[in-house]
Amino acid sequence: MKMTKDRTATMLAIVQDGYGAPERVLRSDHIDRPQAGTGEVLVRLRATSVNTPDWGTVAGVPYVLRLGTGLRRPARPIRGSDLAGVVEAVGPDVNDLRPGDEVLGSLWGSGSRAGTFAEYTVAPERQLVTKPTGLSFEEAAASVMTGLTALTAMREVGGAGPGKRVLVNGASGGVGTMAVQIAKTLGAEVTGVCGTGNVELVRSLGADHVIDHTKQDFTQIQRRYDIILDNVLNRPPSATARLLAPHGVFIPNSIGNTGGLLAGLPRTLRATLMRKGTTKVKLVKFAVNRENLDALVHLLESGQVRVVIDTTYPLDQAASAVAHMLGHHARGKVAISV
Ligand SMILES: NC(=O)c1ccc[n+]([C@@H]2O[C@H](COP(=O)([O-])OP(=O)(O)OC[C@H]3O[C@@H](n4cnc5c(N)ncnc54)[C@H](OP(=O)(O)O)[C@@H]3O)[C@@H](O)[C@H]2O)c1
């Protein structure tokens, strides 16, 4: 007798079989739907987005990270953490959300074995908030990891505010487009560093000054900064740190684009070990919780911050979406619609 899978209990998901080129290691499959446990919500995904941990795990770089993700293939086969969608069902002890609610959030840091490159996922209720109606599912899903990284970097780690000068290297990327706008809403003076084709974009996000990295090495400029958020780490940290004003904060925030055994990790380590008088070096570690998500949603809902999306791919072309991010020149975010 021929067996057919019960499609009501399964879902389409993008499954990763090994490490390497996205087109080679990512494939569509029908697998069992996850089920919401205690405090968890089953979400019917409408959109997700690609972040550095996704392309890093697909490519398996830096190689050293495979010690944590799995030596030959990732132990968690589905990529993705950002999410926007509709609540399908709730588990025990879920208090606020109901089936039919539109939500945004992230699985990041939850310890969940699920992913978001799929039709359904389960997320802890505490890592979800109501999606503003004025925001598309794609914008909502593309805002979460990069928005929370930028918010934490500017507000808590850097302490951006009126009278502070902020420099953002990689201002046209996912984190950078958010960081420029958030620093402006906090009242800082902002300089963005990006490539020629993105100068107007970064200016339109509110940057007071824009440096084209194809024409000028930003580490050679005379200006001094209170906060430097470096999303690229393509210059030696000591050269970047020379631009810091007294009591300035350097925030190295990149695993680097080079791949290999350690990629940009030695540079990040060198940066954190630097001692430069009164200046500080601090890393960004963001938390996905309701307080931070509400702060991000407020910025988006009020129109103070917009989500820049380069391209949206359908779920079955998730490999192309990841490959796009691996080119390291997306304008803002790469989204996936489900
Ligand atoms: N701390 C955290 O929790 C956290 C979370 C997420 C991400 N991150 C880190 O944040 C970093 C940025 O992430 P993202 O999502 O913003 O990446 P992204 O969207 O890929 O950003 C790429 C940026 O890098 C710039 N760039 C690429 N090559 C360059 C070069 N040779 N010289 C100068 N600029 C170059 C691009 O500028 P042009 O295209 O204009 O040239 C663009 O602005 C990642 O390395 C990641 O590790 C950290």
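**A loop residue and its setting**

Modeller: Start with N289, whose side chain comes within 2.8 Å of the backbone nitrogen of N292. That is a polar contact: N or O atoms within 3.5 Å, and inside the protein one atom must be able to donate a hydrogen and the other to accept it, with sequence neighbours counted only if both atoms are side-chain atoms. The model is predicted, so local features need pLDDT of at least 70 and side-chain atom pairs need 80 or more, while totals for chains, interfaces and linings use all residues. Numbering runs from 1 along each chain as its sequence is written, and side-chain values use heavy atoms, without hydrogens and water.

N289 sits in the loop that joins β13 (280-281) to α9 (290-301). Helices (H or I, at least four residues) and strands (E, at least two) are DSSP runs, numbered from the N terminus. N289 counts as partly exposed because its relative accessibility is 27%. The bands are: buried under 20%, exposed over 50%, partly exposed in between, with a 1.4 Å probe and protein chains only.

Now compare other positions. Q127 also lies in a loop, between β6 (120-124) and β7 (128-130). Its relative accessibility is 4%, so Q127 counts as buried. A polar atom of the Q127 side chain lies 3.2 Å from the backbone oxygen of W108.

P62 is in the loop between α2 (52-59) and α3 (66-69). P62 is buried because its relative accessible area is 1%. G260 is 198 residues away from P62 in sequence, yet the two C-alpha atoms are 5.5 Å apart.

V87 belongs to strand β4 (residues 82-90). A relative accessible area of 3% is why V87 counts as buried. The C-alpha of V87 lies 5.3 Å from that of D101, 14 residues off along the chain.

Step back to the whole protein. The secondary structure has 10 helices and 15 strands. Of its 338 residues, 54% are buried. The C-alpha atoms fill a box of roughly 75 × 40 × 35 Å along the principal axes. The radius of gyration is 20 Å, which agrees with the value near 20 Å for a compact globule of 338 residues. That radius is taken over C-alpha atoms, and the globule rule is 2.2 Å times the number of residues to the power 0.38.

Next, the ligand. The shell has 25 residues, and S172, V175, G195, H213 and H329 come nearest. Near means a heavy atom within 4 Å. The shell divides into 9 nonpolar, 16 polar and no charged residues. Ala, Val, Leu, Ile, Met, Phe, Trp, Tyr, Cys and Pro count as nonpolar, Asp, Glu, Lys and Arg as charged, and the others, Gly among them, as polar.

Domain 1 (10-131 + 308-337) and domain 2 (145-281) both supply shell residues, so the ligand lies between them. Those bounds come from an automatic or database domain assignment.

A backbone N or O atom of V175 is 2.8 Å from a ligand oxygen. A polar side-chain atom of N253 is 2.9 Å from a ligand nitrogen. A side-chain N or O atom of H329 is 2.7 Å from a ligand oxygen. The protein covers 86% of the 930 Å² of accessible area that the ligand has on its own. Areas come from the Shrake-Rupley method with a 1.4 Å probe; for residues, only the protein chains shown count as cover. The elements giving two or more residues to the shell are α4 (137-158) and α5 (174-185).
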